Amino acid sequence: MQQVWKNTLYLYVDQHNRQEVDDRHHAIKAPITDMDYNLRMSERSARLKDWYKQRGAMPAKSQTKAKLVRTYEGDGEVLVDMEFHIQRTMDQQGFLMLEERIEKERITLSKEGDSWVVARVEHKEPERAVRRDIKEEEQALIKSRSKPYLNPSLLGSARTARRVNYRRDKAVEYAEQWWNEPNPRFEIFELDCTNYVSQCLFAGGAPMDYTGRRESGWWYRGKVNGKESWSYSWSVANSLEHFLLSSKAGLRAELVNHPNELKLGDVIQYDWDGDGNYQHSTIVTAFDLYGMPLVNAHTTNSRHRYWDYQDSYAWNEATNYRFFHIADIF
C-alpha cells in the first residue's frame with residue numbers, strides 16, 4: 001500500500017520540477033485535488049512568465065532533488081514533509097546562470113477508492129516570519145561581565161584601530177561556502193537570514209561594534225554563562241536595517257535607490273507587507289548579463305537568486321526593498 005501513495009508522490013515531484021521550466025499540460029500529471037493550490041500555481045505561472053520577460057531571461061533547464069524528510073501515516077491519509085533542492089538554469093541571450101534554492105513543503109496524500117491523490121500542498125514561507133528573541137537570552141547578557149570576551153575562533157587575529165578595506169571578495173567567498181549549510185562556529189537560528197548576512201559582512205572585514213547592549217551596536221559574542229549572545233542588529237532583519245541607516249562609524253552603508261547601483265558584498269532587505277518592517281536580508285554575490293544583482297540567503301537557502309525574489313512564495317505586490325551599498329573602507 002505504501003508504494004501506491006509513493007507513486008503519486010513521485011508524480012508530484014516530477015510535475016514540481018517540470019513547472020520550473022514548462023507550464024504546459026502534460027499527459028501524465030499528479031492527481032491534485034487541492035483547488036487552492038492549483039489556483040495559486042496557475043496565478044504564479046502567469047506572473048513568472050511576465051517576470052521572465054522583464055528580466056530578459058528564460059528558464060532553460062531545471063533539476064530538482066527531492067528529499068523526503070519525514071512522514072506521518074494515518075488511516076487513508078499520509079502527511080509528507082519534503083525538501084526540494086531546485087537548480088534552475090536561466091538563459092539570458094546565451095548567457096547561462098545557475099540559480100539554486102531550497103524549498104520545503106508539507107504534502108497531504110489521501111486515499112480515494114483504490115487511488116491516492118494530493119489533497120493539500122502547504123508552502124513554507126519562513127522569510128515572512130519575524131524573529132523573536134528569547135527573554136532568557138537578554139537576562140544572560142545582563143548577568144555577563146562588563147568587558148566583552150569575543151570568541152577568538154570567530155574573530156581570528158586581534159583588531160586594531162587602523163582603517164581597513166571591505167574585502168568584498170572575502171564576503172562573497174564566505175557567502176558561497178556557507179549558503180546551504182550553517183557555519184557550526186556560530187549560533188544557528190530557525191530564521192537565519194540576517195545572522196548569515198552578518199557573518200558574510202564580518203568575513204569581509206566589517207568590524208564588530210560591541211556596546212554591551214543588545215539593542216545597539218552590531219556584534220556577536222562567544223558563550224556567556226553557557227549561552228550565545230549577540231546584538232539584535234546581528235540577527236534580526238529590521239534591526240540590521242535600522243543599524244545600517246544610522247551607523248556613522250565602523251560598519252556603514254549608503255542607501256541607494258536602484259539595485260544596479262550595488263556591488264558584490266552589498267545588502268538587500270525585504271519588507272513583504274509594505275509596512276516599514278523588514279523581514280528578510282540577502283547579500284549580493286553575482287550579477288546577470290544586464291548588471292542586476294543575484295543574491296545568496298539563508299532561511300530559504302538560496303544561491304544566485306534574482307534580487308527581487310518574485311519567485312518566492314513570500315513575495316507580493318506590496319513588497320518594498322532597501323538597497324544598502326556597504327562602505328568600501330571601515
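**Entry 1: the model.** I noted at the outset that the structure is a predicted model.

**Entry 2: the extent of helix H2.** I located helix H2 at residues 35-55, a run of 21 residues. From its first C-alpha to its last, H2 reaches 30 Å, which is close to the 30 Å expected at 1.5 Å a residue.

**Entry 3: the two ends of H2.** At the start of the helix, I found a side-chain oxygen of aspartate 34 within 3.2 Å of the backbone nitrogen of aspartate 36. Just after H2, I read a positive phi of about 65° for glycine 56.

**Entry 4: the faces of H2.** Which residues of H2 are buried? I listed Tyr37, Met41, Arg44, Leu48, Trp51, Tyr52 and Arg55. I then looked down the axis of H2: the buried residues fall within an arc of 95°, so they line one face of the helix. On the face turned away from this buried side, I recorded the exposed residues Met35, Glu43, Lys53 and Gln54.

**Entry 5: the second largest pocket.** Sorted by class, the lining of the second largest pocket has 11 charged, 8 nonpolar and 7 polar residues.

Terms used. Residues are numbered from 1 along each chain as its sequence is written. This is a predicted model: local features need pLDDT of at least 70, side-chain atom pairs count only at pLDDT 80 or more; totals for chains, interfaces and linings use all residues. Side-chain values use heavy atoms; hydrogens and water are left out. Ala, Val, Leu, Ile, Met, Phe, Trp, Tyr, Cys and Pro count as nonpolar, Asp, Glu, Lys and Arg as charged, and the others, Gly among them, as polar. Helices (H or I, at least four residues) and strands (E, at least two) are DSSP runs, numbered from the N terminus. The expected span of a helix is 1.5 Å times one less than its number of residues. Buried means under 20% relative accessible area, exposed over 50%, partly exposed in between (1.4 Å probe, protein chains only). The arc is that of the directions from the helix axis to the C-beta atoms. A polar contact is a pair of N or O atoms within 3.5 Å; within protein, one must be able to donate a hydrogen and the other to accept it, and residues adjacent in sequence count only if both atoms are side-chain atoms.
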